[in-house]
Amino acid sequence: MGLPVDTIIQGDCLEELAKLPDRSVDLVFADPPYNLQLGGDLLRPDNSKVDAVDDHWDQFESFEAYDAFTRAWLKECRRVLKDDGAIWVIGSYHNIFRVGVAVQDLGFWILNDIVWRKSNPMPNFKGTRFTNAHETLIWASKSRGGRRYTFNYDAMKMANDELQMRSDWTLPLCTGDERLKDEAGAKAHPTQKPEALLHRVIMASTRPGDVILDPFFGTGTTGAVARRLGRKFVGIEREAEYAKIAKARIAKVTPATAEEMAVTGSKKAEPRIPFGTIVEAGLLRPGDVLYCPKGRNAARVRADGSLAVGEMTGSIHKVGAMVQSAPACNGWTYWHFKSDKGLAPIDVLRAKVRSQLQA
């Protein structure tokens with residue numbers, strides 16, 4: 001059986017996962033049953049009933065039954081993941097610690113636990129506990145020391161106003177027009193996740209064209225965001241009504257263009273350009289003088305791509321560190337050459353060589 005991409009499979013997740021081929025998906029996003037173990041109705045101060053999760057699909061006979069189910073679907077997800085793939089699992093305090101143990105026991109390697117801090121959480125109406133204002137996501141690679149997983153670090157940094165993105169994410173619950181309703185005007189699904197959450201997950205850990213598996217598809221948030229961002233999806237959903245809603249929802253999504261999907265690239269992924277290549281290309285010549293940003297330190301370029309300051313010689317990084325009495329230095333940004341517009345960092349010359357190689 002080939003991988004049925006951009007398809008919603010209606011059926012039991014364990015039965016349907018077993019039919020998928022080995023090493024066929026790039027990412028798994030799983031929003032499994034939380035096993036909330038609710039004891040009776042939850043009422044607001046005015047005695048109105050809270051629309052809580054009391055559906056049969058969230059109910060298990062015991063912790064042992066829930067653990068067995070968790071290990072079974074996680075084992076199948078690990079089988080269908082490519083070797084450079086990864087998994088995200090979201091849960092609450094009711095289940096996430098049990099899930100985390102299973103994740104580690106099955107050989108996944110946890111990369112982060114992300115705290116989704118809800119900006120508009122449901123109050124604790126009974127006043128017996130702190131307001132439960134967050135959920136936890138576990139992000140794990142298929143194995144420790146395996147093939148490199150995808151992480152679009154620079155894109156996440158750009159999305160956060162060029163600051164390194166942290167593991168605590170403040171995002172609102174799914175409300176307003178985004179919240180899907182049934183024909184009676186009630187919530188179509190009690191735990192519909194906001195598209196903003198899936199947008200961040202997918203942008204962080206996939207590339208355009210990647211396949212994302214969601215074994216608990218619900219009303220299709222993963223599929224809708226995947227389609228919008230130019231990714232493919234495979235959804236498994238047991239409940240026929242949820243699958244029907246998800247199909248209609250995804251059909252309305254307009255995919256982004258290739259240009260719109262482009263993200264900030266990582267310099268680590270660009271081809272390595274030694275400083276000697278700059279000299280070989282004639283962009284700098286032996287004997288040319290480089291300066292620090294303020295012009296206080298100067299070094300001469302040598303034919304082999306090293307620098308000399310008096311008796312000191314070495315790479316652009318080593319000499320930059322020595323003249324500053326610093327433990328390390330990024331020579332590409334520290335050393336500058338004289339241009340028509342004043343001093344410019346030699347990184348400009350590296351970028352020029354890269355563009356020629358990629359032309």
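This is a predicted model: local features need pLDDT of at least 70, side-chain atom pairs count only at pLDDT 80 or more; totals for chains, interfaces and linings use all residues.

Mentor: In it, 42% of the chain's 359 residues count as buried. The chain holds 12 helices and 14 strands. Its radius of gyration is 26 Å, well over the 21 Å from the globule rule for 359 residues, so the chain is more spread out than a compact globule. Along the principal axes, the C-alpha trace spans about 80 × 50 × 40 Å. Contacts across the sequence matter for our close-up too: among contacts with a separation of 6 or more, 66% join residues 24 or more positions apart.

Now for the helix. Let's take α6, which covers residues 221-228. Of its 8 residues, 6 are buried, so α6 is largely enclosed by the rest of the structure. Here "buried" means under 20% relative accessible area. Go along the helix and you'll find the buried ones are Thr-221, Thr-222, Gly-223, Ala-224, Val-225 and Ala-226.

What do they pack against? The partners are two helices, α5 (195-205) and α7 (240-251), along with the strands β2 (25-30), β7 (211-214) and β8 (232-237). Just after α6 comes Gly-230, with a positive phi of about 75 degrees.

The largest nonpolar core has 31 residues, and the members touching the most others are Phe-29, Trp-88, Ile-90, Leu-137, Trp-169, Leu-197 and Val-201. Helix α6 supplies at least two residues of this core, and so does each of β2, β3 (81-91), β4 (109-118), β5 (134-141), β6 (168-171), α5 and α7. The biggest giver is α5, with 6 residues. As a general point, nonpolar side chains in soluble globular proteins tend to be buried together.

Leaving aside neighbours within four places in sequence, Trp-169 is in contact with Trp-88, Leu-197 and Val-201, among others. Its contacts also include Ile-114, Val-115, Trp-116, Arg-117 and Arg-200. Apart from this core lies another one, of 26 residues, including Ile-9, Phe-69, Val-99 and Phe-216.

Methods
Residues are numbered from 1 along each chain as its sequence is written. Side-chain values use heavy atoms; hydrogens and water are left out. Helices (H or I, at least four residues) and strands (E, at least two) are DSSP runs, numbered from the N terminus. The radius of gyration is taken over C-alpha atoms; the globule rule is 2.2 Å times the number of residues to the power 0.38. Buried means under 20% relative accessible area, exposed over 50%, partly exposed in between (1.4 Å probe, protein chains only). Contact means heavy atoms within 4.5 Å. A nonpolar core is a set of buried Ala, Val, Leu, Ile, Met, Phe, Trp, Tyr and Cys residues joined through side-chain atoms within 4.5 Å.
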